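Hello,

Here is the structure I promised to pass on. My notes follow below it.

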Amino acid sequence: AEPKGRMASLTGCLDEQEGQWVLVNDQTMAIIANLAAEGFPTEGFAKYVGHKVTVRGTSSSTGSRPLFKVRSIETISETCSSR
């Protein structure tokens, strides 16, 4: 079966807010998307907290913001933003 949605990538900072893994804009800290792990355990996100990353996977809109199903994560920088 073909996965729904086409592969995409998003870049931002990985954060955990209110028990949800999220990707935030490294300048404004606004949430870009909720993250869901696909093909690896959710706790795999933990080691990327506070890192600027590119996530690859598929995006679907549910509710107030996009849900991005993450297939792979690549660290761009171990630190985030100009904070």
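**Strand pairing and the barrel**

Q17 has Q20 as its bridge partner in β2. Strands here are DSSP runs of E, at least two residues long, and helices are H or I runs of at least four; both are numbered from the N terminus. Two strands pair if DSSP finds at least two bridges between them.

Before the rest, the ground rules. This is a predicted model, in which local features need pLDDT of at least 70 and side-chain atom pairs count only at pLDDT 80 or more, while totals for chains, interfaces and linings use all residues. Residues are numbered from 1 along each chain as its sequence is written, and side-chain values use heavy atoms, with hydrogens and water left out.

Back to the strands. β1 and β2 run antiparallel and are joined by 5 bridges. They form a hairpin with 2 residues between them. E18 sits in that turn and has a positive phi of about 55°. Further along the pair, L14 stands opposite L23 in β2.

β1 also pairs with β4, in the antiparallel sense, over 7 bridges. M7 has T58 as its bridge partner in β4.

What does the whole sheet form? It is a closed barrel of 5 strands with mixed pairing, in the order β1-β2-β3-β5-β4. On average, neighbouring strands of this sheet are turned by 55° against each other, direction ignored. The axes behind that angle are lines fitted to C-alpha atoms (for helices, over the stretch in contact); angles in general run from 0 to 180 degrees between N-to-C directions.

S9 lies in strand β1, residues 7-17. S9 is partly exposed, with a relative accessible area of 43%. The cut-offs are under 20% for buried, over 50% for exposed, and partly exposed in between (1.4 Å probe, protein chains only). Leaving aside neighbours within four places in sequence, S9 is in contact with T54, V55, R56 and F68. Contact means heavy atoms within 4.5 Å. The C-alpha atoms of S9 and T58 are separated by 7.9 Å, and these residues are 49 apart along the chain.

I32 lies in strand β3. At 27% relative accessibility, I32 counts as partly exposed. I32 touches L10, T11, G12, L23, V24, N25 and P66, not counting residues up to four places away in sequence. The C-alpha atoms of I32 and R65, 33 residues apart along the chain, are separated by 7.6 Å.

**Aromatic rings**

How many aromatic pairs does the structure hold? There are 2. Rings of Phe, Tyr and Trp (its six-membered ring) pair if their centres lie within 6.5 Å; planes under 30 degrees apart count as stacked, over 60 as edge-to-face and the rest as tilted.

W21 and F45 have ring centres 5.8 Å apart and planes at 40°, so this pair is tilted. W21 lies in strand β2 (residues 20-24), and F45 in the loop between β3 (31-37) and β4 (52-62), so the pair ties together parts that are 24 residues apart in sequence. W21 counts as buried at 11% relative accessibility. F45 is buried too, at 0%.

F40 and F45 make an edge-to-face pair, 5.3 Å centre to centre with 80° between the planes. F40 is partly exposed, with a relative accessible area of 23%. Together, W21, F40 and F45 form one aromatic cluster.

Best wishes
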